[in-house]
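The sequence and structure come first.

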Amino acid sequence: MRILFVGDVFGKPGREALLRWLPGFAADREIDFVIANGENAANGAGITSKIAERLLAGGVDVITTGNHVWRQKEVFSFLAADDRIVRPANYPAGAPGRGVTVRPAADGTEVAVINLAGDLYLNSGLSPFRIVDRLVEEAQGLADTIVVDMHAEATSEKVAMGHCLDGRVTAVLGTHTHVQTSDARVLPGGTAYITDVGMTGPRDSVIGVRTDVILRRFTTELPQQFEVADGPVRLDAVVVDAEGGRATDIEVLDLILT
């Protein structure tokens, strides 16, 4: 089993670059299952049903999200109806959508995807550690291969989740900060881990936003209207090889797409 996980897709530049690149890469590398975090795909804030459908039609098997998932109200019904997109499982039970899904890989093997939000600084309302055991047990009853998107601000929270789930899931992959970390590894129990996969979006930016806009915000301390940057796209991702639900390797991708 070879899984591709793509870091936070940011705005039109990120999603268009991903859709151009993905088919060829997936074929060349014999990718069995593709996951992409799409919570910033709609102009850098949230995702719409139209964008989600384009990503899914373009080769993404499951879309994960995060703290911006509610920014586009139009997507609420899509979150509720389509099991190819997930939102953090530790959001209130009455919220649209689901936090766990199971989808078939290219060879028919079932893959479970769990989406969690960190509580530190993101104020998710419920620590992911309070529910993760139940979620993993549920997923284990449905699939051997289990991937967790830990969408969190605090590196300590993500590192702790990696150790918490080591040996119980295939991968714990951090998202949210848009900056790829250098700590990708397979933990002792056979769980692939990275603190943050990074971002798929404009390279010459401040985590996707035009640099001049962010500099004005910091230098004037006044609110600014965020605008997605343009130019070459940085694509951050990881490829996880797994066997029998346990990771055997994790490869980091840091590509520049023009």
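Rings of Phe, Tyr and Trp (its six-membered ring) pair if their centres lie within 6.5 Å; planes under 30 degrees apart count as stacked, over 60 as edge-to-face and the rest as tilted. By this rule there are three aromatic pairs. The model is predicted: local features need pLDDT of at least 70, side-chain atom pairs count only at pLDDT 80 or more, and totals for chains, interfaces and linings use all residues. Residues are numbered from 1 along each chain as its sequence is written, and side-chain values use heavy atoms, without hydrogens and water.

**Stacked pair**
- W21 and F25 are stacked, at 4.4 Å centre to centre with 25° between the planes.
- Both residues, W21 and F25, belong to helix α1 (residues 11-28), where they sit four residues apart, about one turn of the helix; helices are DSSP runs of H or I with at least four residues, strands runs of E with at least two, numbered from the N terminus.
- W21 and F25 are both buried (under 20% relative accessible area; exposed is over 50%, partly exposed in between; 1.4 Å probe, protein chains only).

**Tilted pair and cluster**
- W70 and Y91 count as tilted because their ring centres are 5.9 Å apart and their planes stand at 40°.
- W70 is in the loop between β4 (62-64) and α3 (76-81) and Y91 in the loop between α3 and β5 (100-104), so the pair ties together parts 21 residues apart in sequence.
- W70 is partly exposed at 27% relative accessible area, whereas Y91 is buried at 12%.
- W70, F76 and Y91 are linked into a cluster by ring pairs.
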